[in-house]
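Please read it with the model open.

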Amino acid sequence: MYYNSMLGSLRTLVSMISFASKFVRFRILFTCSLITILASLSVGILSLQLLLVLLVLVAWYIHAASSNDYADRQIDAINLQGVKNRPLLSKNRSNRRLWIVHGFAGVAALMFAIPFGWLGVGLTFFILLMDYAYSFKPVRITDRGIISQLLLPLAYVLFPFSLGYWSTNSIDPYPWLLMAGLYFGFIARLFLKDFRDVKGDQKYGKRTYLIRHGAKSTCLASALSGTVALVVVAASTNFSRGVLIVLVLSHFAVLVLLYRLAQSPQIAFQMKLIAAIAKFANASIVVVIIFYLSQYFTNMSSLEVILPLLIGLFLLTGVTIKSTSSPSFFQRLIWLPIRLFMRMCCSVQIIGVENVKKVHGNAVFVSNHVTEIDPLMIVAALPFFSTKIPIAFVTSDTQTYRDNWSGWRKFLYGGNFFKIIGGYPAYKGLNNYEHALKNHLLASEKGMAVCIFPVGRRHADSDIGEARGGASFLIQSTSLPAIPVHIQGLNRQTSIGDYLKRRPKLVITFGAPVYSKEIFGTKKTYSRKDYEKASVQLMKKIIELN
């Protein structure tokens with residue numbers, strides 16, 4: 001009897017812990033933990049009490065998330081449809097169990113905060129009260145627009161940062177400058193948190209900053225807060241060169257992603273961009289931690305520059321490759337070098353950019369093909385902030401480059417390298433345009449412009465009769481306008497010496513938009529020959545730009 005009672009109690013405890021764990025958002029706790037570690041290192045001390053800080057944060061977050069999930073359960077039922085890890089969206093939810101877990105979490109947070117003295121207990125109690133003020137009426141901070149963005153970092157930055165500082169028992173002054181930089185950085189992230197929840201927020205009258213002012217204004221506010229954060233955090237490190245370089249590069253990447261976010265109407269794509277922005281922000285925090293770690297373990301000033309720089313570049317590269325499904329970052333990164341190359345090594349003329357600006361939304365660029373760097377030159381010929389960037393280019397598959405090329409190109413072309421810069425393979429031998437160009441149809445659905453070379457290889461202007469049907473198929477199937485592009489002045493025989501002597505007379509011309517009806521007429525069904533004939537018509541319009 002006693003054994004059965006103990007076993008039942010144990011099962012209940014395990015069930016409660018399992019239920020409580022569902023309120024833990026590990027990515028957010030990871031960010032808070034980084035902030036705690038940074039506060040501790042900023043005064044040059046690492047203490048085992050950091051583990052106690054982590055327990056405080058876990059208990060507090062369960063308390064905060066459980067109350068907020070309960071208060072917003074109707075909104076979340078719309079915004080989080082299909083999400084499995086939210087217990088209150090389950091048909092078998094138990095409000096009684098929620099409030100038991102909620103109460104225990106609050107008490108646990110206060111108990112774990114006791115070793116940090118009255119300041120620690122007092123701040124924890126204040127943050128627990130703030131959980132109610134954030135979610136419940138009459139205060140309900142979450143409905144108060146920009147006030148929510150300004151106050152919420154008290155819980156997510158000031159709270160973990162202060163606990164991290166108090167864990168050291170240091171007599172050094174409180175690092176207000178570093179905390180302020182992190183505070184502004186978190187404000188920048190909070191401006192983006194409502195993109196996912198627009199539908200439910202609008203239905204229930206939740207007046208977020210995004211709903212009141214729109215996506216462009218929200219992204220601009222985030223960019224401004226992030227810029228302030230960069231300057232303040234850099235100042236807290238005395239503008240250490242290694243940290244500064246990484247912070248600037250990371251911020252540049254974030255600005256590119258914010259610009260893309262402001263333009264994109266698709267929620268799934270917005271979520272990918274916001275997730276990438278969060279990863280760049282965390283990478284920046286890690287770099288500042290590396291800076292203080294280098295001070296902690298060594299007095300060599302050179303390491304304070306080299307270590308953050310090397311590790312930061314490694315992290316930024318990894319985040320970029322893993323997080324950005326769009327090549328927007330790399331295309332804008334290479335825009336300036338390619339533009340400088342065109343200006344310094346060629347006599348260059350760019351004509352017809354106004355024709356590109358006439359097209360609202362994405363488009364299909366159709367171009368002749370004269371050199372291996374044509375795709376990059378098309379990108380560089382557009383304005384840096386053109387809404388047509390990034391462009392998804394149609395390339396051959398990796399095996400084609402392996403079989404038909406030699407030297408370093410054989411190993412570099414195709415695969416991940418091309419994907420990073422915007423090259424997506426078309427698949428040969430399928431006798432089906434939809435399957436062959438599925439990567440590019442998907443890219444257009446995501447709001448990206450597409451560029452295809454109708455002939456499918458480098459060619460002379462006289463080879464227009466060899467145009468394949470893929471280009472016209474893309475225009476017909478996506479209902480997007482085609483923008484003809486003609487590249488003149490370069491060819492296979494152009495040597496490095498020619499570039500050094502600035503001999504090439506490069507002319508890139510963008511023609512007026514061409515629509516499907518202009519090359520297909522009134523037909524409603526299309527054969528392979530119809531697509532090939534229409535692509536020949538496109539090539540004629542390209543050559544007419546000469």
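Predicted model: local features only at pLDDT ≥ 70, side-chain atom pairs only at ≥ 80, totals over all residues.

1. Residues are numbered from 1 along each chain as its sequence is written, and side-chain values use heavy atoms, with hydrogens and water left out.

2. The protein has 26 helices and seven strands (DSSP runs numbered from the N terminus: H or I of at least four residues for helices, E of at least two for strands). Of its 546 residues, 52% are buried (under 20% relative accessible area; exposed is over 50% and partly exposed in between, with a 1.4 Å probe and protein chains only).

3. A cavity is a set of points on a 1 Å grid over the protein atoms alone where a 1.4 Å probe fits but cannot get out; a pocket is an open set with protein on both sides within 12 Å along at least five of seven lines; lining residues have an atom within 4 Å of a point. Grid points are joined across faces, edges and corners, and a volume is the space filled by probe spheres set on the points.

4. The largest cavity is lined by 26 residues, with Gly-185, Gly-226, Ala-229, Ala-281 and Ser-284 closest to its centre. Helices H2, H9, H11, H12 and H13 each give two or more residues to this lining.

5. The second largest pocket has a volume of about 1200 Å³. Among its 45 lining residues, Val-394, Thr-395, Ser-396, Tyr-401 and Gly-456 lie nearest the centre. Elements supplying at least two lining residues include strand S3 (391–395) and helix H26 (528–543).

6. There are 20 aromatic pairs (ring centres of Phe, Tyr and Trp, the latter by its six-membered ring, within 6.5 Å; planes under 30 degrees apart are stacked, over 60 edge-to-face, the rest tilted). Tyr-259 and Phe-385 make a tilted pair, 5.5 Å centre to centre with 55° between the planes. Tyr-259 is in helix H12 and Phe-385 in the loop between H17 and S3, so this pair ties together parts 126 residues apart in sequence.

7. Phe-385 is exposed, at 52% relative accessibility, and Tyr-259 is partly exposed at 23%. Phe-385 also pairs edge-to-face with Phe-384, at 4.8 Å and 90°; Phe-384 is buried at 18%.
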